[in-house]
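Keep the structure open beside you and try each task before reading on.

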Amino acid sequence: MPELPEVETVARELRAQLVGRQFAGASIGWPRTLATPDPDALAARLTGQTVVEVGRRGKYILILLDSGDMLIIHLRMTGNLTVVPYADPAGENDHVRARFDLADGDRLVFTDARKFGRVWLVSDASAVTGKLGPEPLAWYFTPEVLAARLRRRRTAIKALLLDQTAVAGIGNIYADEALFRAGIHPLRNSASLTDAEIAALHAALQAVLNESINKNGTLLRDYRTPYGTEGAFREQLRVYQQTGRPCPRCGAPIERIRVTQRSTHFCPQCQR
């Protein structure tokens, strides 16, 4: 599933293509893709509205409209967004779940092979994103904020990092990579981390996320950006999906376990 760096990359590319453009209609190809409102209300409410900004909250893409409404899209596992000419066959393939027509003849197309993605049109984004934890790259996300989140629960640190109500946007890839950089075992009790370990984890989270954003994310099987940019951060992965390969720090074979039903990769020597 695309995580913060991949969704940030998509948002940035959409921003360049959508800001200042007006919607002329919308249609839903798979009913469950649309969470709210109903398809007719979506089309009527969206038509005539102009895109003011495109941003991100956690793993959600936020498209702010001039009325104050927010079009929110969650890509989930296989969702992709592209802007194509109205007559482009890409807007008619079997995996198209939603189409958002633009007044100048293009359309924003949402394809989703697994059908897990969701779309909302709301007047208040907090109705969808209100339960998310802090943004790990925000100015207010300090080691002290992270410490408060970790110490209020006694659970495996990897599981807590995957909890979007604890910290927004982090998933399997960047949890594994940050824990490796910080030298913390993924099964370590979150409440047991020292101040020094939390500071190291905080720095590792921000570093790995920023580095990945600068590389347009990690190239995943189903991850595509609106411009077709490939995520180049895969080349810098140190433990994620590196099972059996030597640790880049100590040479021990990278191991894999399961935490909350997710494959988890770590070095048994560097992350005791």
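**Exercise 1. Find the handedness of the crossing of helix 4 and helix 7, then describe how the two pack.**

Step 1. Helix 4 and helix 7 cross in a right-handed way; a crossing is right-handed if the near helix is turned clockwise from the far one by less than a right angle, and left-handed if anticlockwise. Helices here are DSSP runs of H or I with at least four residues, strands are runs of E with at least two, and both are numbered from the N terminus.

Before going on, note that this is a predicted model, where local features need pLDDT of at least 70 and side-chain atom pairs count only at pLDDT 80 or more, while totals for chains, interfaces and linings use all residues. Residues are numbered from 1 along each chain as its sequence is written, and side-chain values use heavy atoms, leaving out hydrogens and water.

Step 2. The angle between helix 4 (residues 143-151) and helix 7 is about 110°, and their axes are 9 Å apart. Axes are lines fitted to C-alpha atoms, for helices over the stretch in contact, and angles run from 0 to 180 degrees between N-to-C directions.

Step 3. The pair is therefore roughly perpendicular (65 to 115 degrees; under 35 is roughly parallel, over 145 roughly antiparallel, the rest oblique).

Step 4. On the helix 4 side, the contact (heavy atoms within 4.5 Å) includes Leu146 and Leu150, and on the helix 7 side it includes Ile198 and His202. By class, this contact has eight nonpolar, one polar and two charged residues (nonpolar: Ala, Val, Leu, Ile, Met, Phe, Trp, Tyr, Cys and Pro; charged: Asp, Glu, Lys and Arg; polar: the others, Gly among them).

**Exercise 2. Work out how helix 6 and helix 7 pack.**

Step 1. Helix 6 (residues 172-182) meets helix 7 (residues 195-214) at about 130°, with 8 Å between their axes.

Step 2. That angle makes helix 6 oblique to helix 7.

Step 3. Their crossing is right-handed.

Step 4. Among the residues in contact are Tyr174 and Leu179 of helix 6, with Leu205 and Val208 of helix 7. Eleven nonpolar, one polar and three charged residues make up this contact.
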